[in-house]
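Here are my notes on the structure you asked me to look over. Please read them with the sequence and the 3D view open.

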Amino acid sequence: MRLILLGPPGAGKGTQAVYLSELLSIPAISTGDILRAEVKAGSELGLTAKRYMESGGLVPDDTIIDMMRSRLADQECAGGFLLDGFPRTVTQARALASLVTIDKVLALEIPKEVIISRLGARRSCPECKAVYHLEHQPPQEEGKCDGCSTDLIIRADDAPETIRSRLEAYEYQTSPLLEFYSSTGNLVRIDGDRSIAAIKADLAKLVG
Ligand code: AMP
């Protein structure tokens, strides 16, 4: 299965990506996680990406497409994959279409007010990538990841000013992908403003 998880920041892509990856035994590839690792390592790619990420804007298409072209050619992707956070522009989607055929595009949809509240209360595990919400999905021990006990962090780009720019980037650059993929016929829209369990159940049916 070659899947794309589409949706605005805070739609629950990261949480559902971990779930689907385990369910289907395919790698979940998050461009955001790859870029954050590059920033942490201080690589050339990380230095380029950092300023875009900090401002809440998108990293240039050429950089992302080159990065993903080599990633998708990896042996680990041979049996399928799930993309989280890529493509994010129509240019990226066209480049992806020239590399592989996508089976399904799963679009998580949530209202803007819900996104803002979710991102403001989000806590992330930098180690295993688990995602928590202070109110709706708190960790068992305050500030610690349930799975690996790592200290949870607030992502730098979850600051209120940056959230606004990320939402704009989604609206103007990424949401046209809904149209793009509905014309290719493999788009499935999912109401993301429900419990994690209800969404998981829907996704399991869709990919089962
Ligand atoms: P995410 O973790 O998916 O929310 O991504 C965090 C940040 O990484 C985004 O706000 C962008 O700056 C950058 N980024 C991630 N994926 C892409 C992409 N496909 N195209 C451009 N920038 C990206």
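**Notes on the model**

1. The model is predicted, and the points below should be read with that in mind. The protein contains nine helices and seven strands.

2. Overall form comes next. The C-alpha trace spans about 45 × 40 × 35 Å along its principal axes.

3. Which residues are closest to the ligand? They are Thr 31, Arg 36, Gly 57, Gly 85 and Gln 92, out of 16 residues that surround the ligand. Helix α2, residues 31-41, supplies the largest share of this shell, with four residues. By type, the shell divides into six nonpolar, five polar and five charged residues.

4. For Thr 31, a polar side-chain atom lies 2.8 Å from a nitrogen atom of the ligand. For Gln 92, a polar side-chain atom is 2.9 Å from a nitrogen atom of the ligand. For Arg 155, a polar side-chain atom lies 3.1 Å from an oxygen atom of the ligand. Each of these pairs counts as a polar contact because the cut-off is 3.5 Å between N or O atoms. The ligand taken alone exposes 480 Å², and the protein buries 97% of that.

5. The second largest pocket has a volume of about 310 Å³. Its lining is made of 14 residues, and those nearest the pocket centre are Thr 15, Val 18, Ala 130, Gln 137 and Lys 200. Two or more lining residues come from each of α1 (13-24), β6 (131-133) and α9 (196-207). Helix α1 gives the most, with five residues. Seven of the lining residues are nonpolar, three are polar and four are charged.

6. Two places in the backbone deserve a look. As background, most residues other than glycine have a negative phi, and most peptide bonds are trans. Where is Pro 87 placed? Pro 87 sits in the loop between β3 (81-84) and α5 (90-99). The peptide bond that joins Phe 86 and Pro 87 is cis, with omega about 0 degrees.

7. The other place is Ser 25, in the loop between α1 and β2 (28-30). Ser 25 is not a glycine, yet its phi is positive, near 50 degrees.

How values were computed. Residues are numbered from 1 along each chain as its sequence is written. This is a predicted model: local features need pLDDT of at least 70, side-chain atom pairs count only at pLDDT 80 or more; totals for chains, interfaces and linings use all residues. Side-chain values use heavy atoms; hydrogens and water are left out. A residue is near a molecule or strand if one of its heavy atoms lies within 4 Å of it. A polar contact is a pair of N or O atoms within 3.5 Å; within protein, one must be able to donate a hydrogen and the other to accept it, and residues adjacent in sequence count only if both atoms are side-chain atoms. Accessible areas come from the Shrake-Rupley method with a 1.4 Å probe; for residues, only the protein chains shown count as cover. Ala, Val, Leu, Ile, Met, Phe, Trp, Tyr, Cys and Pro count as nonpolar, Asp, Glu, Lys and Arg as charged, and the others, Gly among them, as polar. On a 1 Å grid over the protein atoms alone, a cavity is a set of points where a 1.4 Å probe fits but cannot get out, and a pocket is an open set with protein on both sides within 12 Å along at least five of seven lines; lining residues have an atom within 4 Å of a point. Grid points are joined across faces, edges and corners, and a volume is the space filled by probe spheres set on the points.
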